[in-house]
Amino acid sequence: MSVNQQAHTGLPYGQPQPGYQGYQQSGYGGQQMPGVHHSQYGAYNGPLPGYQQPAPPQGYFSSLGFPSKGSSVSLNSDTPTLAPNFIGTLRAPPTSGAPLPTSGAPVPAGQPVYSQFGQGDVQNGIATSAVQMQRPSASQPFIPGTAPTPVSQPATFQQYGPPPTSAQQLTNHMAGMQIGSSTSAPPPAGLGYGPPTSVPPTSGSFTATGSGLYTSYSSSQGPPPVTMTHGLPPTSLSQGLSLAQPAFSGPPLSAQRLPQAPGFVPPPCSTGIGPSSYPPTTGAPRPSTMQGSQLPGQALTGLPTSQPNHVSSPPPHPSMSGPAMTGLQGPPPPTHPSQSGYQMQQNGSFGQVRGPQPNYGGAYPGTPNYGSQPAPPPPPKRLDPDSIPSPIQVIEDDRNNRGSEPFITGVRGQVPPLVTTNFLVKDQGNASPRYIRCTSYNIPCTSDMAKQSQVPLAAVIKPLAMLPTDETPPYLVDHGEPGPIRCNRCKAYMCPFMQFIEGGRRFQCCFCSCVTEVPPHYFQHLDHTGKRVDFYDRPELSLGSYEFLATVSYCKNNKFPNPPAFIFMIDVSYNAVKSGLVRLICEELKSLLDYMPREGNMEESAIRVGFVTYNKVLHFYNVKSSLAQPQMMVVSDVADMFVPLLDGFLVNVNESRTVIVSLLDQIPEMFADTRETETVFAPVIQAGMEALKAAECAGKLFIFHTSLPIAEAPGKLKNRDDRKLINTDKEKTLFQPQTSFYSNLAKDCVAQGCCVDLFLFPNQYLDVATLGVVPYQTGGTIYKYAYFQLETDQERFLNDLRKDVQKEVGFDAVMRVRTSTGIRATDFFGAFYMSNTTDVELAGLDCDKTITVEFRHDDKLSEDSGALLQCALLYTNCAGQRRLRIHNLSLNCCTQLADLYRNCETDTLINFLAKFAYRGVLNNPVKTVRDTLINQCAQILACYRKNCASPSSAGQLILPECMKLLPVYLNCVLKSDVLQPGAEVTTDDRAYIRQLVSSMDVAETNVFFYPRLLPLTKVDVDSDTLPAAIRNSEERLSKGDMYLLENGLNIFVWVGVNVQQGLIQNLFGVSSFNHISSTLNTLPVLENPFSKRVRSIIDMFQAQRSRYMKLIIVKQEDKLEMLFKHFLVEDKSMSGGASYVDFLCHMHKEIRQLLS
Ligand SMILES: [Zn+2]
């Protein structure tokens, strides 16, 4: 332990830190971290021994300015002439309110000090592994010279100068659109599949005022009008030709726009990026195991036991709205359903209800006609869904254009391919997008510019991400006793951006510009370009991501850690036993013991295991290898939890296998006749944590739990579920824990490196918001299986458990993100704990978890230098080895807003906005959160329109090419279960989803908010290629087809009533539609090519997701169809969420208001 870590001894790092002010959002709209800077890990974050840390107020050095590498003094010092029309920030000013007892910010309250119970009257035996862990050899030694070979950049990669962006304009369809209000109650949405011909949509027209331009929309619009232009300019991606950058208001950003015709004007085509807009790619698209479109989606977990019965074809809304048809040039205007704009509905949503929709006959451009229906009737006018930006098209274009070339990370500020594109990454100095994705790869030089644009600057970081097998995991660098080379001042780790000077004797820090001596053992000569001659031999000089072996000074108490332990803690109350769950878990654990994570090529896992069962009391088991039979020790005083045995509790699997197997055989029998229905919960976590503490190791608790813990014990809860709070100011309390007890417990767990994974099997409300606090703050995972039934749910549960036990995880981790002068990390989102403003503490961090970091300016940035991020994660691996994983990323900086807008990534933006909103509901009315999101996005788009788009009619909606999906995706977030719950969504579902999303990576949020929907009759049984996905709207479905929909939590197979009998036979093994059982949760294994192919697609999807998805068969017009329709996110939702078309119109109105 270095001198800096003395704090540990006096102030164990679970204790509240002086000066801690919480990292909570105080008031929606943001928070700023107070400038407190207490480091838990001195050697890690603090100064190296012998160096005096300057201790700046906030850990940053804004006053120093960024050193110019040469003599040039900041090209960016002139603030662009942006002054007028600043659209102020949405965020509240920094506040320093006291922390609240919500997740993410434990409240230092008077919690019991559990350690004082110590071992009490129990013999304090020898810890089972008191042996000092030997440092195992590196599992992946770096072999100099073999790894990072320089690869010359393809000519198409152009440095830092992205071409002008193209924009997409929606025409004046919406011009002059008046948002009125209607007093008529909205008709039921999305019910039934109306007959293809005669049902007019209930959704209606917009009442025109003002300009008189006006349009209505119908659900059965024919093919898109032909008057679109495809004036596609070169791409918005950074690989095109370099063009001079326009000034803010200049026209040079060519936009895709449509001619503005009087009356009905067809909006632009949804295909924003034509193939021509990218540099030609050579070679065919990559074949496809990963190639299915991954669309975002929205989840509902835990199927409600009963669904409202399906009601087919409600009567169309008859009233017509009048005047506006004049001057329409489009298809003839038939009946026109009434709709006079966006009325505020009871839950505060806007948007029209769209009624039953005729089947859509396949007007999706570029895809075959799926429908077996006759052509739709002459449609009423509305904004044509085919003419507004299509997620499917954007995904397909990116796949076609960027999927065939490797993504080489050598170039600063390069926007990576979309998460839905299958591509290979070659690390040449920046971290792979699998580790870090940013909302923008070109960030404004000044804070004013950033505020003007309102584009959040954030990085979604997945430090331990798994890589595909054809990519190289980070190399391990062992510098021996001296440890990693770091900047003297800011402690940044050696990386490719450090600049060696004075013949290689010193280096200048790329983050803080401090000059540090190169230690003699690390000295190397420079070549004529100033590069060290060993540049390519050292990962830390040439790669974006690598690992250092940590020295003992990076370890708690200056001691190398023991290997971690897993403790399995099984609820054996009546419900758990009766449902067969206890037996299932015990059976599974017997085989899982052989699959504990191993490091590299170690023969056996170093992880020790222990077992506890509980109901109102806890039972510990001695499974020492020398015993003939396991021994049970009961602790009934749950108020003073202690661990009654040390020796024999945590054991090596192979040594104790016989005893363990015997125990797992006996547990189901022992409790077979239990009548105990009550459970405790907090004492279970305390017991696990105390056991780890006694064994002096980090580890993970796997808790299998069934009910609200109402038994008398610390952390006892009451049922406080109250759906009446929805849409009131008190709704936020549903997301908050009902007691601060668990926050304090979580803090103790983090101090011990005790990560908690929670498997819940509720039959009723069990307060996920409270039970989830400890898993959430310890970096753990929650799984929820509502109404668990052995037959239908065991496959999903067992797959999740297997994956969870085996997955790569780092323990007792701390993450710090350093940035170059000018910006700093100010806010953090995810499953972790923070005791100060900079260090993200994670009792555990697995390969699927992300931490999202928001950055703010604290000074100007320079276009020359760009901006740098370095994420350093200190953790203990599953072998007990202490390591540092480093990820570096360099971004461009701009003085022109246009550069910002053409280097954004909407998927990452949505990931951030969803997390931001989902945290906001803890402290704010949900409606406020929704309004804030809408407002922010409107400002983002208005700023673009004002400053970057060429002058055009105010009636046109012009979207930046890179953000043209922002409205559709944002709408999906707004109508998600957390922000706008349907009647079937439980309080626990919402709390569960809220926590789940907070750790999701970009690929997961993408498919979660906009699900992937594939037509199964288009599946080519002879090819690995997936059929093109279709948009998530009922009108895209054909009665004659079957569809697969996945969102990361569920997979649906929807079967139309008119599907050919042969296909039904092939897939379900029954003779007709009526014989298909909707209770199936797996497809029958049939020996025909169609069945095999569909099942292999489902297996492939399952493998891509971190959780096993529940398979649900939905027959058209069956009761479950209501559930399915919840995921058709382009449609109006049952809970009042707007359709995509309506929302786009609403956004346009918001933007117009901002501009006027
Ligand atoms: Zn530095």
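This is a predicted model: local features need pLDDT of at least 70, side-chain atom pairs count only at pLDDT 80 or more; totals for chains, interfaces and linings use all residues.
Start with the helices. Two packed helices are described by the angle between their axes and the distance between the axes. The pair here is α15, residues 906-920, and α16, residues 926-947. Their axes come within 9 Å and cross at roughly 150 degrees. Angles over 145 degrees count as roughly antiparallel, and α15 and α16 are therefore roughly antiparallel to each other. The crossing of α15 past α16 is right-handed.

Which residues make the contact between α15 and α16? From α15 there are L913, A917 and G920. On the α16 side they meet V929, L933, Q936 and C937. Sorted by class, that contact has five nonpolar residues and two polar ones, with no charged residues.

Now the cavities. The count is 17 cavities of 30 Å³ or more. The largest cavity has a volume of about 310 Å³. It is lined by 26 residues, and those closest to its centre are T781, K849, L996, S999 and R1107.

As for the elements around it, those giving two or more residues to the lining of the largest cavity are α12 (773-777), β19 (782-784), α18 (987-998) and α19 (1002-1009). Which of the elements gives the most to that lining? That is α18, with four residues.

By class, the lining of the largest cavity has eleven nonpolar, eight polar and seven charged residues. The contact of α15 with α16 has no charged residues, whereas the cavity lining has seven.

Notes:
Residues are numbered from 1 along each chain as its sequence is written. Side-chain values use heavy atoms; hydrogens and water are left out. Axes are lines fitted to C-alpha atoms, for helices over the stretch in contact, and angles run from 0 to 180 degrees between N-to-C directions. Angles under 35 degrees count as roughly parallel, over 145 as roughly antiparallel, 65 to 115 as roughly perpendicular and the rest as oblique. A crossing is left-handed if the near helix is turned anticlockwise from the far one by less than a right angle, and right-handed if clockwise. Contact means heavy atoms within 4.5 Å. Ala, Val, Leu, Ile, Met, Phe, Trp, Tyr, Cys and Pro count as nonpolar, Asp, Glu, Lys and Arg as charged, and the others, Gly among them, as polar. On a 1 Å grid over the protein atoms alone, a cavity is a set of points where a 1.4 Å probe fits but cannot get out, and a pocket is an open set with protein on both sides within 12 Å along at least five of seven lines; lining residues have an atom within 4 Å of a point. Grid points are joined across faces, edges and corners, and a volume is the space filled by probe spheres set on the points.
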